[in-house]
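Please have the sequence and the 3D view open as you read.

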Amino acid sequence: MKISIFGKKIRMENKYNRVEIETNSRRAYVNGVMIWLHEPCRKQSSGWAIREVDFKKGIDPILRTYAYAPKRMPRLVVLDPGHGGKDTGSISPKGYREKDIVLDISHRVRKLLEAKGIRVRMTRTGDTYPQLDARTAYAYKNGADLFVSVHANAAGATSASGVETFITAAAGYDSSNHYGQAGDKFAFKNNTYDALNAALGFSIHSNIMKMTKRDDRGLRRARYSVLKHCSCPAALVECGFLTNPDEESLLNTSSYRESCARGIANGVLGYFTLMKRALR
């Protein structure tokens with residue numbers, strides 16, 4: 001890749017890919033899509049450096065997924081509509097409930113994937129509340145090859161907007177949303193799949209960004225229960241903010257939910273395509 005510096009960004013590119021990394025920041029961009037590094041890009045001697053973990057378990061698996069592919073094709077996708085039953089999830093000012101919105105989106109994703117011949121199961125198909133550990137246990141029991149949890153976001157500020165996708169934080173490093181807080185660095189079962197998490201998460205996030213055209217909040221790292229205990233590559237998608245007036249309205253429309261579903265489904269299909277190419 002050719003390396004150049006534009007303002008506060010270091011750019012590396014060839015005819016296939018472009019990687020941009022902000023200096024003194026955890027933000028980076030792969031082909032224009034934001035990803036969050038575990039640690040900021042920092043000055044080192046006469047140049048700039050990122051942590052090895054952010055290259056080996058983040059950037060490289062996105063650019064060279066074939067190098068990290070398993071020895072067989074994935075067969076089963078488990079979709080996890082967040083919340084449900086007694087747990088409404090976030091509730092918008094107009095009373096729209098997260099649990100209802102994400103269930104509808106998940107059913108749409110299932111329909112799109114099954115139309116392509118992919119086997120899909122869901123941790124809930126109605127207004128029930130599986131415990132968090134039951135969701136990952138369900139995926140393990142059924143031999144899931146991929147796990148995708150679907151959510152809608154909320155924030156104290158009504159200005160917060162956009163779409164973000166989470167994968168498990170690497171062992172020894174803080175979560176994206178809790179940077180600098182102690183006690184957030186443990187290793188969990190899902191860390192076995194760090195590289196494939198990055199490939200899956202990026203495929204989903206880049207595709208949902210294309211479909212929804214909302215603000216890009218990036219591919220981030222966290223230790224959510226349904227991610228860290230999962231025994232296969234996993235990602236959690238936040239489809240927009242119920243506390244933002246514009247996105248509250250969008251999330252209540254069939255067209256926007258379909259856009260979210262198509263973005264997630266296209267991301268999963270893109271991951272399957274990458275695996276297929278690697279196994280040729």
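Does Asp80 count as buried or exposed? Its relative accessibility is 1%, so Asp80 counts as buried; here buried means under 20% relative accessible area, exposed over 50%, and partly exposed in between, with a 1.4 Å probe and protein chains only. Before going further, please keep in mind that this is a predicted model, in which local features need pLDDT of at least 70 and side-chain atom pairs count only at pLDDT 80 or more, while totals for chains, interfaces and linings use all residues. Residues are numbered from 1 along each chain as its sequence is written, and side-chain values use heavy atoms, with hydrogens and water left out.

Asp80 has a charged partner: Arg135 forms a salt bridge with it, the closest N and O atoms being 2.7 Å apart. Arg135 lies in helix H3 (residues 132–141) and Asp80 in strand S8 (residues 76–81), so the pair ties together parts that are 55 residues apart in sequence. Arg135 is also buried, at 1% relative accessibility. The term salt bridge stands for a side-chain nitrogen of Lys or Arg within 4 Å of a carboxyl oxygen of Asp or Glu, and by this rule there are 19 salt bridges. Helices (H or I, at least four residues) and strands (E, at least two) are DSSP runs, numbered from the N terminus.

Another such pair is Glu258 with Arg108, whose side chains meet at 2.9 Å, N to O. This pair links distant parts of the chain, with Glu258 in helix H7 and Arg108 in helix H2 (residues 98–114), 150 residues apart. Salt bridges that share partners join Asp104, Arg108, Arg257, Glu258 and Arg262 into one network. Glu258 itself is partly exposed, with a relative accessible area of 23%.

Leaving aside residues up to four places away in sequence, Ile264 touches Ile105, Val109, Val148, Val150, Ile204, Ile208, Val237 and Cys239, where a contact means heavy atoms within 4.5 Å.

Next, turn to a hairpin. Strands S4 (residues 27–30) and S5 run antiparallel and are joined by 4 bridges; two strands pair if DSSP finds at least two bridges between them. The hairpin has 2 residues between its strands, and Asn31 in the turn has a positive phi of about 50°. Arg27 has Trp36 as its bridge partner in S5. Both faces of S5 (residues 33–36) are covered, with Val33 and Ile35 buried on one side and Met34 and Trp36 buried on the other. Arg27 also forms a salt bridge with Glu22, at 3.1 Å between the closest N and O atoms.

Finally, step back to the whole protein. Its secondary structure comes to 7 helices and 13 strands. The radius of gyration, 18 Å, is close to the 19 Å that the globule rule gives for 280 residues, so the protein is as compact as a globular protein of that length; the radius is taken over C-alpha atoms, and the rule is 2.2 Å times the number of residues to the power 0.38. Buried residues make up 52% of the 280 residues.
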